Amino acid sequence: MDSKQIEKISKALGDTNRLKILFDMSKHKGCMQCSQITNVLKLAQPSVSHHIKTLTDAGLITAEKDGRHHSYQLNKELLKSYLKKLSTIAGD
């Protein structure tokens, strides 16, 4: 994991709504549909789409499309790698 990827992930995690999406995804076994995310955030669809795009671009979630339905998976491996890399800063 290079410094650019760490920066992109850190920026994506720097928003309360995006953190809320990730926390809620973890409660739902790492998978949620777009409509569920919209209900959780209580934001307009364009705002939710913006947050999802940011998380997807950072690699924190992956998207799957089934017809008109979109579902998103938490990328646990990337999160583990990110946290491991950050722990090297603390000397752990």
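## Conventions

Contact here means heavy atoms within 4.5 Å. The structure is a predicted model, in which local features need pLDDT of at least 70 and side-chain atom pairs count only at pLDDT 80 or more, while totals for chains, interfaces and linings use all residues. Residues are numbered from 1 along each chain as its sequence is written, and side-chain values use heavy atoms, with hydrogens and water left out.

## The surroundings of R18

Leaving aside neighbours within four places in sequence, R18 is in contact with K11, A12, H50, H51, T54 and L55. The residue belongs to helix 2, which covers residues 16–27; helices (H or I, at least four residues) and strands (E, at least two) are DSSP runs, numbered from the N terminus.

R18 is buried but has no salt bridge, where buried means under 20% relative accessible area, exposed over 50%, and partly exposed in between (1.4 Å probe, protein chains only). A salt bridge is taken as a side-chain nitrogen of Lys or Arg within 4 Å of a carboxyl oxygen of Asp or Glu. The nearest side chain of opposite charge to R18 is that of D15, 4.3 Å away, with Lys and Arg counted as positive, Asp and Glu as negative, and His and the chain ends not counted. A polar atom of the R18 side chain does, however, lie 2.8 Å from the backbone oxygen of A12; a polar contact is a pair of N or O atoms within 3.5 Å, of which, within protein, one must be able to donate a hydrogen and the other to accept it, and residues adjacent in sequence count only if both atoms are side-chain atoms.

## Salt bridges along the helices

A search of the whole structure finds five salt bridges. One of them joins the side chains of K4 and E7 at 3.9 Å, N to O; these residues are separated by about one helical turn, because they are three residues apart in helix 1 (residues 3–12). K4 counts as exposed at 60% relative accessibility, whereas E7, at 35%, counts as partly exposed. The side chain of E7 also meets that of K11 in a salt bridge of 3.2 Å, N to O, and this pair, four residues apart in helix 1, is again separated by about one helical turn. K11 is exposed, with a relative accessible area of 56%.

In helix 4 (residues 45–57), K53 and D57 are four residues apart, and therefore separated by about one helical turn. Their side chains meet in a salt bridge at 2.7 Å, N to O, and D57 is partly exposed, with a relative accessible area of 41%.

## The nonpolar core

A nonpolar core is defined as a set of buried Ala, Val, Leu, Ile, Met, Phe, Trp, Tyr and Cys residues joined through side-chain atoms within 4.5 Å. The largest such core has 22 residues, of which I37, L60 and I61 touch the most other members. The elements giving two or more residues to this core are helix 1, helix 2, helix 3 (34–41), helix 4, strand 3 and helix 5 (76–89). Apart from neighbours within four places in sequence, I61 is in contact with L22, M25, I52, L55, T56, Y72, Q73, L74 and N75.

Strand 2 (residues 61–66) and strand 3 (residues 69–74) run antiparallel and are joined by six bridges; two strands are said to pair if DSSP finds at least two bridges between them. Together these strands form a hairpin with two residues between them, and G67 in the turn has a positive phi of about 70°. Across the pair, A63 stands opposite Y72 of strand 3.

S71 is also placed in strand 3 and, at 16% relative accessibility, counts as buried. Not counting residues up to four places away in sequence, S71 touches C31, M32, Q33, T62, A63 and E64. Between S71 and L83 the C-alpha to C-alpha distance is 25 Å, with a separation of twelve residues in sequence.

## Positive phi outside glycine

K29 has a positive phi of about 60° although it is not a glycine. This lysine is placed in the loop between helix 2 and strand 1 (31–33), and K29 is exposed, with a relative accessible area of 76%. K42, likewise not a glycine, has a positive phi of about 55°; K42 lies in the loop between helix 3 and helix 4 and is exposed, with a relative accessible area of 70%.
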